[in-house]
Amino acid sequence: MKCPLCGHLDDKVIESRQNISGTSLRRRRECLSCGYRFTSYERIEEIPLMVIKADARREPFDIKKIERGLTRALEKRPVSQVEIEEMLNQLEDEAAMEGKANHEIHSKQLGDLVMKKLAGIDKVAYVRFASVYKRFETVDAFVREIEKLT
Ligand SMILES: [Zn+2]
């Protein structure tokens with residue numbers, strides 16, 4: 001795979017991991033040219049897990065979107081890359097489990113899974129994430145959310 005940092009095409013696979021339902025494969029890779037480590041995702045199954053959004057539109061489940069959200073929420077927080085990877089592994093499995101019956105999951109269920117995970121790891125990141133994903137309708141709702149943490 002092409003190294004996202006230097007563009008070199010050769011890498012070695014450090015770790016491979018299939019999710020619980022066998023629908024995707026995550027590979028941790030290291031570039032043979034510059035040593036940069038990155039992750040690739042390969043979908044195995046034909047039927048993708050679909051995410052049903054609040055407006056009822058559907059889109060394919062994309063762990064990278066969750067990764068972006070997590071990374072933003074965890075900016076400058078004392079949480080390691082290894083912990084983030086582990087969270088993503090678990091979230092991918094949990095989403096697949098919840099959506100197993102119909103190959104679909106509501107975006108709210110997905111957001112709840114992420115928030116549950118963050119609540120156990122870092123409270124600040126949890127509030128950051130919640131404020132974006134829940135789009136608090138009122139200040140009260142936001143305060144209630146924070147109070148639940150203490
Ligand atoms: Zn490279």
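Predicted model: local features only at pLDDT ≥ 70, side-chain atom pairs only at ≥ 80, totals over all residues.
View 1. Axes are lines fitted to C-alpha atoms, for helices over the stretch in contact, and angles run from 0 to 180 degrees between N-to-C directions. Contact requires C-beta atoms, placed from the backbone, within 7 Å. Helices (H or I, at least four residues) and strands (E, at least two) are DSSP runs, numbered from the N terminus. Residues are numbered from 1 along each chain as its sequence is written. Local features need pLDDT of at least 70, side-chain atom pairs count only at pLDDT 80 or more, and totals for chains, interfaces and linings use all residues.

View 2. E4 and E6 run parallel, joined by three bridges. Val 51 stands opposite Ile 105 in E6.

**View 3. The two sides of H3.** Helix H3 covers residues 107-121. Its 15 residues should span 21 Å at 1.5 Å a residue, and its end C-alpha atoms are 21 Å apart, which agrees; the expected span is 1.5 Å times one less than the number of residues. Leu 110, Val 114, Lys 117 and Leu 118 of H3 are buried (20 or more other C-beta atoms within 10 Å of the residue's own; exposed, 12 or fewer; partly exposed, in between; C-beta atoms placed from the backbone). They cover an arc of only 95° around the axis, so they sit on the same side of H3; the arc is that of the directions from the helix axis to the C-beta atoms. Lys 116 and Gly 120 are exposed on the other side of H3. Cover for the buried residues includes strand E4 (50-52), helix H1 (63-73) and helix H4 (123-133).

**View 4. H2 against H3.** The two helices pack at an angle of about 145°, with axes 10 Å apart. Among the contact residues are Met 87 and Leu 91 of H2, and Leu 113 and Ile 121 of H3.

**View 5. The sheet E1-E2-E3.** This open sheet has three strands in antiparallel pairing. Strand E1 (11-18) and strand E3 (37-43) stand at the edges. The twist averages 25° from one strand to the next. Seven bridges join E1 to strand E2 (residues 24-31). Ser 16 has Arg 27 in E2 as its bridge partner.

Key. Pairing = 2+ DSSP bridges. Contact = placed C-beta atoms within 7 Å.
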